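Dear colleague,

Please find the structure below. My notes on it follow directly after.

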Amino acid sequence: DVKLQSVPRQYDKKQPRELLQVIGKDMRVIVFAFRPRTKQKNEVFDALRRYAKPSQLWELYAFSCDPSTVDKKSDPKMRLMKEYHRLLSEGSEFEVEKYYFRNNWRLTTVNSSYSLCSTYPSQLIVPKSISDEDLWQASTFRAGRRLPIISWCNPVSGAVLARSSQPLVGLMMNFRNNADEKLVSALCTQNVDANLPPRKLYIVDARPRANALANGAKGGGSESSSNYPKSEVLFLGIQNIHTMRDSLSRLRDYVDAHGSISSNGSSSAVSLVGDRRNRGSTWGGGSLNSMTQFSSMLGEWLNHIQNILVGASWIAAQIAQESASVLVHCSDGWDRTTQLIALACLLLDPYYRTFDGFQALVEKDWLAFGHPFAERLGIPTVSENGGSQYELLRQPSVGNLTSSPSRGSLGTPGSSSNTSVQSQTSNNSSPILLQWLDCIAQLLRLYPAAFQFSSKFLVDFMDCVLSCRFGNFLCNSEREREQSGVTSSCHCMWTYLADLRASGGSFHEHINPFYDRERYWLPLVPPAAALAPTLWPQFYLRWTCPPESQGGGLESHGHSMRKKYEASVKSKEMAESRSRDIKMKMESMLTDLQRERRASSSALAMAQRARRENVAIKRAIQTIGCTVNFSTNENQVDKSEEMSYSFRREADTVSQQDDNADLSVSISAIEDSLVSETPSNQVCETLCPFRSREGCRWPHAACAQLGSQFVGLKANFDAFDRLSVKDCYFPKE
């Protein structure tokens with residue numbers, strides 16, 4: 001959504017241009033340059049205005065989606081009931097707290113048809129001592145029939161945080177309503193601990209006192225503590241929606257004009273500061289005197305933020321430290337009241353500082369209790385009877401009980417015969433939601449570990465609201481969203497944000513890396529001295545000063561460190577896994593090596609035994625005058641008078657032999673031609689008893705070696721004993 005202005009300006013004298021300035025609600029300012037006297041500018045202007053300012057609700061971008069893709073199970077009323085049950089301690093572990101809440105508060109469906117108050121939810125939490133009839137009577141005494149309703153309960157102390165609109169006391173503050181006084185007094189219940197003093201009730205008026213008195217002239221005003229026992233009335237001095245809108249507009253103009261990237265094409269601040277010729281005379285396209293103006297604009301906006309922070313922190317402190325009950329209201333009870341109530345709940349309840357709790361808080365205090373998003377964002381909504389009654393409902397209630405237009409019959413959904421859409425003609429837009437998110441960003445800076453979400457999440461949340469892509473923040477109340485069928489026709493923003501976080505895992509930029517739930521499970525009560533806000537750079541400077549908007553961000557550094565840590569942890573786990581795999585492989589290889597060693601030792605022993613056997617066989621064969629020849633050739637044939645014996649052994653018992661070859665052993669008798677007649681070839685001649693001077697005469701003479709070891713010869717030792725040994729057998733020396 002944008003605001004359009006025709007800006008006549010020239011970039012230079014030689015090439016005149018007509019400029020069209022588009023001002024966005026997200027602090028972005030875009031300038032289009034056109035040639036003079038062309039129709040293109042008007043066509044673009046008309047197109048932008050047609051899509052930026054649609055005349056009907058159904059022309060918004062949220063309704064362009066396919067209805068079949070919308071999750072029909074997403075029911076905000078069911079989620080609100082779930083939050084109500086959580087507040088009433090239905091799931092509490094302490095039976096005392098259950099009993100206390102069930103006997104002091106109740107859920108009522110008196111507004112199920114939105115006839116009690118058209119801008120309140122269908123179900124309300126009220127004191128159990130107040131009947132539905134009392135609620136009807138009390139609603140007539142509050143502007144827009146927005147009677148005091150409980151928004152949050154302290155499960156330990158019993159203190160409550162309630163909200164309403166201004167009472168219709170009149171200029172002289174002399175109008176009273178017994179049902180309203182009874183309802184407000186019922187908020188101040190007895191303490192759980194009977195020894196404690198009676199509970200006190202603070203009635204906090206968010207407006208300046210002068211504004212409250214001025215509203216008295218129109219029939220409104222503020223409460224008198226004399227009419228409400230044990231109460232005290234305070235004023236916070238927060239300005240109205242028009243002051244907030246003008247303050248943001250001035251801040252946006254200066255940030256755009258003096259940022260490093262400006263929409264008007266001016267030089268950047270960095271380049272001008274580094275230029276000696278311009279040093280001391282200009283800074284970011286403006287004079288140094290303009291810094292005083294900037295400080296004034298910035299201080300004005302930050303002063304509004306500080307007022308909201310101080311007010312919400314004070315409310316949270318009274319509930320957390322004094323166990324007091326607090327009733328908050330402004331004029332209508334849907335702008336400043338919503339800011340204070342939602343921020344105080346965020347400080348008091350750590351659940352609201354999580355993603356789920358943040359959603360529950362927004363749906364309860366912003367959506368269900370009727371913050372007019374359509375008016376504040378400047379988009380069309382649904383109205384009855386051509387819009388006339390709609391205007392009456394949004395007007396501050398004035399006059400006495402009978403003349404106030406807000407006290408008349410508001411009608412039920414069934415009474416409207418013709419439902420039309422209305423385009424916002426009055427300028428009621430205001431950055432109410434942006435201010436609340438700005439306050440949360442300031443708390444994030446003070447307590448970086450107290451929130452599950454990051455500042456980037458707040459920026460994207462605001463962008464989703466401004467984009468009109470989703471139906472959650474259309475219309476002005478729960479009743480209008482129900483009438484227009486927004487829930488069943490448009491996508492849900494919460495589903496989109498949840499899917500976005502799931503896609504990034506634990507490293508997503510929406511997740512606060514410093515979140516410590518165990519440390520911050522108690523209420524946050526910041527001291528007043530710490531509530532000095534600074535400009536929220538992630539939102540206000542992201543278009544004009546991109547480096548400065550993220551530079552030095554604690555969250556970005558935290559995400560970077562967390563990613564590095566997770567990467568190192570993964571690397572460590574991978575290294576440990578590889579180490580375990582290598583260790584297992586080494587153990588397996590060691591086992592195989594030991595097995596191979598045992599097999600090798602066994603084979604070596606078998607080989608040695610076979611070698612000894614072969615040597616013994618070879619020696620035995622050689623003693624009978626035969627030769628032993630080893631060969632792997634099966635076709636080898638020895639000479640005549642051959643005796644052969646072949647055998648096959650396994651390859652692992654014979655080294656350096658082919659696995660598939662046969663080892664053959666041939667035993668052959670020695671032929672005459674192979675017998676050497678020289679003494680050197682026959683060593684046995686020196687020892688043979690049959691030798692002569694001519695040498696060995698075998699086979700013509702006897703041979704002691706062959707004669708004693710001839711194959712088939714069996715020695716007859718008895719015959720040797722009977723032999724007579726004569727001297728002639730031995731030659732003389």
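Cys-468 lies in the loop between α15 (455-467) and α16 (478-484); helices (H or I, at least four residues) and strands (E, at least two) are DSSP runs, numbered from the N terminus. Although Cys-468 is not a glycine, it has a positive phi of about 60 degrees. Cys-468 is also buried, with a relative accessible area of 10%, where buried means under 20% relative accessible area, exposed over 50%, and partly exposed in between (1.4 Å probe, protein chains only). Met-27, in the loop between β2 (18-24) and β3 (29-34), likewise has a positive phi, near 75 degrees, and counts as buried at 4% relative accessibility. For context, most residues other than glycine have a negative phi.

Please note that this is a predicted model, in which local features need pLDDT of at least 70 and side-chain atom pairs count only at pLDDT 80 or more, while totals for chains, interfaces and linings use all residues. Residues are numbered from 1 along each chain as its sequence is written, and side-chain values use heavy atoms, with hydrogens and water left out.

As to the other cysteines, a search of the whole structure finds 0 disulfides (pairs of cysteine sulfur atoms within 2.5 Å). The sulfur of Cys-65 has its closest cysteine sulfur in Cys-490, at 5.6 Å, which is too far for a bond. Cys-65 is buried at 17% relative accessibility, and Cys-545 is buried at 13%.

The largest nonpolar core has 133 residues, of which Phe-358, Trp-436 and Phe-461 touch the most other members. Such a core is a set of buried Ala, Val, Leu, Ile, Met, Phe, Trp, Tyr and Cys residues joined through side-chain atoms within 4.5 Å. Domain 1 (19-69) and domain 2 (76-91 + 102-241 + 300-381 + 427-551) both give residues to this core, so it lies between them; the domain bounds come from an automatic or database domain assignment. Leaving aside neighbours within four places in sequence, Phe-461 has contacts (heavy atoms within 4.5 Å) that include Phe-358, Val-362, Met-493 and Trp-494.

Finally, 5 strands form an open sheet of mixed pairing, in the order β6-β7-β10-β8-β9; two strands pair if DSSP finds at least two bridges between them. Its edge strands, β6 (149-153) and β9 (231-235), each pair on one side only. Within the sheet, β8 (residues 201-205) and β10 (residues 325-329) pair in the parallel sense over 5 bridges, and Asp-205 has His-329 in β10 as its bridge partner.

With kind regards
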